[in-house]
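Please open the model in your viewer and keep the residue selection tool at hand.

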Amino acid sequence: FLTFNVEGSTVTLSGDARTPVVKNNAEKAVKGIPGVEKVVNKINVLPVNTADNAIRIAVYNAVYGNPALQRYAFQALPSIHIIVGMGNVRLEGAVANKADADQALIRAKAVPGTFQVTSNLKTDLQLAAEEERREADRIKAVVLLATGWSAEAVAEVLQVDPNTARNHFRRYQQGGIDALVRVAYRGSDCQ
């Protein structure tokens, strides 16, 4: 399960990978994106452990074997990600509601051989609220810059990189408010 954060022209990669190849390929792919000047690779490579592989399969079967959760398995990329490291299980991703998140956690905790099971699953409502907060921050950045604040001051208040604040303003100038509320990041094509 990999995540990224963009601050100006710097992309920070984080999360967990099962092999060093995935870690290196992710960094190479991001370096190839126009406008990216620096990549900070904080991806953790999970230790090779046959017990972890058995736990991963058992948790997968327990979670996706539940009829209420099967719909998440039939997506091109299942939305419940199962990360296992040294017997510790972490659920990441998104589900429709809290009941589904709770059910996935209960099912994962029932798998024998796990030491600790945690859930970072987010509901669609939580994800929507986070996106609304990001949209509001982009608008705040534009308003503050337009009223004479420096990019550095805006960055400090909003806890972003100064280049990110400048990029929000530039997007606003080019596309108006719609450019701020509909931000879609597109990665490079896979080779």
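**A sheet and its helices**

Begin with Gly85, whose bridge partner in S5 is Asn88. The model is a predicted one.

Next, select residues 80-85 for strand S4 and residues 88-95 for strand S5. S4 and S5 pair in the antiparallel sense, with six bridges between them.

The three strands now displayed make up an open sheet with mixed pairing, in the order S4-S5-S6.

Then select residues 98-109, helix H4, which lies across S4, S5 and S6 and runs at about 165° to S6.

**A helix pair**

Finally, select helix H5 (residues 124-146) together with helix H6 (residues 151-158). How do these two helices pack? Their axes are 10 Å apart and the angle is about 150°. Because angles over 145 degrees count as roughly antiparallel, H5 and H6 are therefore roughly antiparallel to each other. The crossing of H5 past H6 is right-handed.

To display the contact, show Asp137, Lys140, Ala141, Leu144 and Leu145 of H5, with Ala151, Val154 and Leu158 of H6. Coloured by class, these contact residues comprise six nonpolar, two charged and no polar.

Definitions and conventions
Residues numbered from 1 in each chain as written. Predicted model: local features only at pLDDT ≥ 70, side-chain atom pairs only at ≥ 80, totals over all residues. Heavy atoms only, no water. Pairing = 2+ DSSP bridges. Helix = DSSP H or I, 4+ residues; strand = E, 2+ residues; numbered from the N terminus. Contact = heavy atoms within 4.5 Å. Axes fitted to C-alpha atoms, helices over the stretch in contact; angles between N-to-C directions. Parallel < 35°, antiparallel > 145°, perpendicular 65-115°, else oblique. Left-handed = near helix turned anticlockwise from the far one by under 90°. Nonpolar A, V, L, I, M, F, W, Y, C, P; charged D, E, K, R; others polar.
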